[in-house]
Amino acid sequence: MRKIDFRLNGVPVSIETQLNRRLLDVLHEDFELIGVKEGCGEGECGACAVLIDHEVVNSCSIPIANCLGKDIVTIEGFSNTSRYKILKNAFEEEGAVQCGFCTPGMMIAAESLLNKNSNPTIEEIKIGLSGNLCRCTGYNMIIKAIKRAAKEGDGKW
Amino acid sequence: MKDISKSIFKTDGDEKISGQAKYVADIKLPDMQHALTKRSSIVCGEIKNIEYPTIPEGYFIVDHRDVPGKNVVKIIYEDMPVFTEKEITYLHEPILLVCGPDKSIVKDIVDNIKIEYIEKKPVFDWVNSAVHYHFDKGESKSIFAKADRVIEYDYETGYQEQAYIETQGFIGYLEGEKVTLSGSIQCPYYVKNAVIQALGTADDLVRIIQPSVGGAFGGKEEFPSLIACQLACAIKKVKKPIQLIYEREEDMLVTTKRHPARMHFSAAIGKNNELLGLKVNAGIDAGANIGLSAVVLARALIAGTGAYTIDNFDASGDVFITNTVPNGAFRGFGAPQMFYGVEMFMEHVARDLGIDQLEFKKKYLAKQNDLTSTCGIFRDPIIMNEMLEKALEISDYKKKRKEYSNPLSNKGIGISLFFHGCGFTGSGEAKIIKAKVKLKKDKFNKVYILVAAVDMGQGIRTTLRKVVSHILEIPIEDVIFDFPDTDFVPDSGPTVASRTMMIVGGLIARACETMKKRWKESEFIIEKTYIQPEYIKFDDETFTGDAYPAYSWGINVVEVRVDPNTYQTKVLNTWSVYDVGKSIDDRIILGQADGGLTQGIAYGYLEVMNHVNGVIKQKNMTDYIIPTAMDTGNMETVIYENPYAFGPYGAKGVGELTLIGGAPAVCFAIEQAVNKRIHKIPASPEYILEMMNDEKNRL
């Protein structure tokens with residue numbers, strides 16, 4: 001057991017825990033952040049994606065020990081931003097949500113992508129989403145949603 | 001009043017996008033225990049002895065001795081034990097559960113249970129037929145004798161894994177004698193009835209609640225009943241809340257998949273190159289249990305004529321038992337296998353006859369009032385010719401087909417024509433399911449939809465509310481559709497077979513009409529039970545009559561490029577045209593279209609799963625490749641209206657239809673790109689390489 005300090009959704013937090021626990025479990029169990037989903041447990045599907053120091057990371061593949069001093073944002077934190085509102089509206093307008101299990105991870109991947117490239121092409125969006133699996137939508141509407149968000153959020157990213 | 005097809009935002013969009021929708025893993029209960037399954041490490045044999053480690057206090061073993069009722073999972077065909085007693089029929093067959101407060105200690109116990117087996121020789125060949133079906137139409141026997149020539153080919157399809165992003169799981173607890181389970185499921189009443197049988201308990205002592213479901217695609221139709229029965233027995237023993245959620249590897253290795261199939265087709269060809277008759281013999285691999293396999297085979301055989309009217313037809317097939325993981329429901333339910341086979345065959349026959357493939361197919365396209373493969377009648381208008389014109393126009397098919405006949409292009413374009421029978425096959429809807437729905441109005445003029453239909457992503461929580469809101473002319477906010485809870489909703493049947501909107505929605509629409517007349521009354525409940533239209537009759541023994549009350553129709557066009565060095569296929573563009581009766585929400589239907597086609601195309605060229613001596617070789621999302629955003633081409637879909645009288649606003653089935661045409665369409669495109677014929681899916685780079693080395697294989 002050791003004490004780990006980090007920032008979580010903008011707030012400094014501290015937790016006493018085993019160092020080898022997955023960040024996913026700490027977020028889901030200890031902090032009850034249910035927007036972080038376990039899909040595969042091996043860094044393949046992106047359902048557990050969070051931002052660590054603004055980079056998209058699969059939280060199932062990160063031991064909590066590596067989070068010391070980091071700035072971690074989950075969908076719960078991101079949902080308080082104006083960029084979230086633009087993305088959310090775009091996801092709804094384009095029909096990008098079906099079962100919803102991959103959706104928070106997709107939102108996080110989209111935020112990360114748009115942060116790096118505020119006006120991505122279709123190909124760049126596909127590359128940006130390639131770490132997130134969705135079995136329902138065939139991605140078409142998610143890609144369109146991100147294209148729409150980039151347009152409507154002009155200047156926000 | 002505005003058109004119901006006009007899209008609205010999904011009513012659960014908010015909670016899903018913000019991550020606040022609760023799936024089963026998000027439910028935590030006080031004093032919650034964890035359960036893990038101990039499974040067989042052999043493929044076939046008997047348990048000789050089980051040696052347990054010291055079990056710490058508070059930890060429990062739950063096995064067949066803890067099943068108070070019948071040790072058989074109630075599925076259509078009852079041959080799957082809740083826990084095996086002795087006999088092992090496939091690798092990873094469940095033997096017992098270990099339950100306790102600490103997950104890692106539970107895992108340690110599972111790892112340290114030593115089981116001795118007496119091994120037996122497993123059977124992987126398709127030799128043990130458990131179910132055999134045969135039916136024919138017209139003069140199928142004599143027509144082959146009269147034929148000018150007979151053309152025969154074989155086709156083969158592989159496993160497909162549902163790969164829902166949320167794995168299977170349940171959580172449950174005990175209140176007095178009553179067991180309540182909440183899980184990732186499609187069919188609350190399938191689970192309830194299975195648990196009642198396993199516990200040997202009363203109807204009111206089992207309650208099933210559905211949380212948000214993270215995708216299902218058929219994979220959560222019958223399999224969850226097994227987990228639920230096991231967990232219910234554990235809860236009875238441990239008397240504490242228990243969570244049992246599969247990790248991805250466990251899910252991929254032990255849950256049901258799409259049946260691999262082998263099909264042999266024969267065509268009787270007349271003097272003028274006309275198709276006089278068709279024969280198909282199909283085998284499907286059920287794995288170790290029959291389960292739903294007979295119904296899967298039935299749907300496949302009924303689809304044996306494809307979208308065509310063939311006057312003389314003979315269909316036969318077998319469900320084979322092998323010592324492999326049991327297979328089960330997957331979106332399309334036998335139809336994707338058969339439509340792949342029959343579409344390929346029609347194309348190959350036309351090529352052999354030197355006839356333009358599309359012209360050949362057009363000649364036999366089914367028309368209204370034609371006899372179906374089972375001598376039922378296509379009663380409703382069929383608008384495939386009009387849809388085909390549209391598909392050709394938007395895809396510029398003819399020009400591209402000509403252009404890509406140059407092998408240097410490395411490109412190809414293909415087109416598939418298909419239908420899906422909506423609702424249960426045969427007399428299932430009328431005799432087995434007998435769906436019941438309730439619609440309740442309260443004194444504040446709020447209307448409650450009480451059905452057991454599950455929203456697993458297909459949007460029924462939005463579309464059913466939309467139907468009610470439109471008919472009653474009340475705001476959608478006044479229509480309440482909570483997650484199904486068997487204590488409060490009647491058995492409206494399972495969420496399968498593209499039946500929810502057409503059958504359940506149809507009943508709800510009729511309940512709305514009655515409610516509208518009584519609207520002034522303050523509080524009341526309307527109940528409706530499904531009655532099959534009088535004219536729909538089917539004999540399940542002889543396969544004669546109307547197998548489905550209605551049919552949805554579709555056309556897919558797929559354009560690909562195949563890398564001439566790596567033989568990797570890149571899907572460039574897809575175009576689809578569908579007749580789903582009436583779209584209840586355009587955006588939701590288009591979402592089904594995109595997602596279904598993506599799964600269907602991937603079934604045809606990308607998703608490889610196989611077993612070697614009963615061991616599934618793809619056990620996680622790294623080994624089993626499903627499409628990523630990078631694999632998505634541009635997609636265009638056109639929806640045609642062709643209302644069905646008994647569907648709400650004319651709606652027919654949608655969900656499964658959109659998967660069926662993907663595999664043949666992508667295969668035709670690949671065939672053109674590589675100038676070889678495909679007889680097996682998935683048409684992976686390895687398989688294409690094999691074809692390229694086969695001198696005799698020519699397009």
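Q: In which loop of chain B is the place of B:Asp31?
A: This is a predicted model, in which local features need pLDDT of at least 70, side-chain atom pairs count only at pLDDT 80 or more, and totals for chains, interfaces and linings use all residues. Residues are numbered from 1 along each chain as its sequence is written, while chains are lettered from A and ligands numbered from 1 in the order in which they are written. Helices (DSSP runs of H or I, at least four residues) and strands (runs of E, at least two) are numbered from the N terminus. B:Asp31 sits in the loop between helix 1 (13-17) and strand 1 (33-39) of chain B.

Q: Is B:Asp31 buried or exposed?
A: Phi of B:Asp31 is near 60 degrees, a positive value in a residue other than glycine. A residue is buried if 20 or more other C-beta atoms, placed from the backbone, lie within 10 Å of its own, exposed if 12 or fewer, and partly exposed in between. B:Asp31 has 9 other C-beta atoms within 10 Å, so this residue is exposed.

Q: Is B:Ala497 buried or exposed?
A: B:Ala497 also has a phi near 60 degrees, which is positive in a residue other than glycine. The residue is placed in the loop between strand 19 (479-480) and helix 14 (500-517) of chain B. Because B:Ala497 has 28 C-beta neighbours inside 10 Å, it counts as buried.

Q: Which residue does a cis peptide bond join to B:Ile681?
A: Most peptide bonds are trans. At this bond, omega is about 0 degrees.

Q: What is the radius of gyration of chain B?
A: Along the principal axes, the C-alpha atoms of chain B fill a box of roughly 80 × 70 × 50 Å. The radius of gyration is taken over C-alpha atoms, with a globule rule of 2.2 Å times the number of residues to the power 0.38. For 699 residues a compact globule would have a value near 27 Å, which agrees with that of chain B, 25 Å.

Q: Which element gives the largest share of the side of domain 1 of chain B that touches domain 3 of chain B?
A: Domain bounds come from an automatic or database domain assignment, which for chain B gives domain 1 (31-121 + 168-245), domain 2 (261-425 + 543-692) and domain 3 (428-529). The contact, counted where C-beta atoms placed from the backbone lie within 7 Å, takes 18 residues from domain 1 of chain B and 13 residues from domain 3 of chain B. Helix 4 (188-199) and strand 11 (206-209) of chain B each give two or more residues to the domain 1 side. The largest share, 4 residues, comes from helix 4 of chain B.

Q: How many residues of the side of chain A that touches chain B are nonpolar?
A: Contact joins 39 residues of chain A and 43 residues of chain B. Helix 3 (82-94) and helix 4 (103-116) are among the elements of chain A that each supply at least two residues of this side. Ala, Val, Leu, Ile, Met, Phe, Trp, Tyr, Cys and Pro count as nonpolar, Asp, Glu, Lys and Arg as charged, and the others, Gly among them, as polar. The side of chain A has 8 charged residues and 12 polar ones, and its nonpolar residues number 19.

Q: How far apart do the C-alpha centres of domain 1 and domain 2 of chain A lie?
A: Chain A is divided into domain 1 (2-77) and domain 2 (81-152). In chain A, 14 residues of domain 1 are in contact with 12 residues of domain 2. The distance between the C-alpha centres of these two domains of chain A is 21 Å.

Terms used: Two residues are in contact if their C-beta atoms, placed from the backbone, lie within 7 Å.
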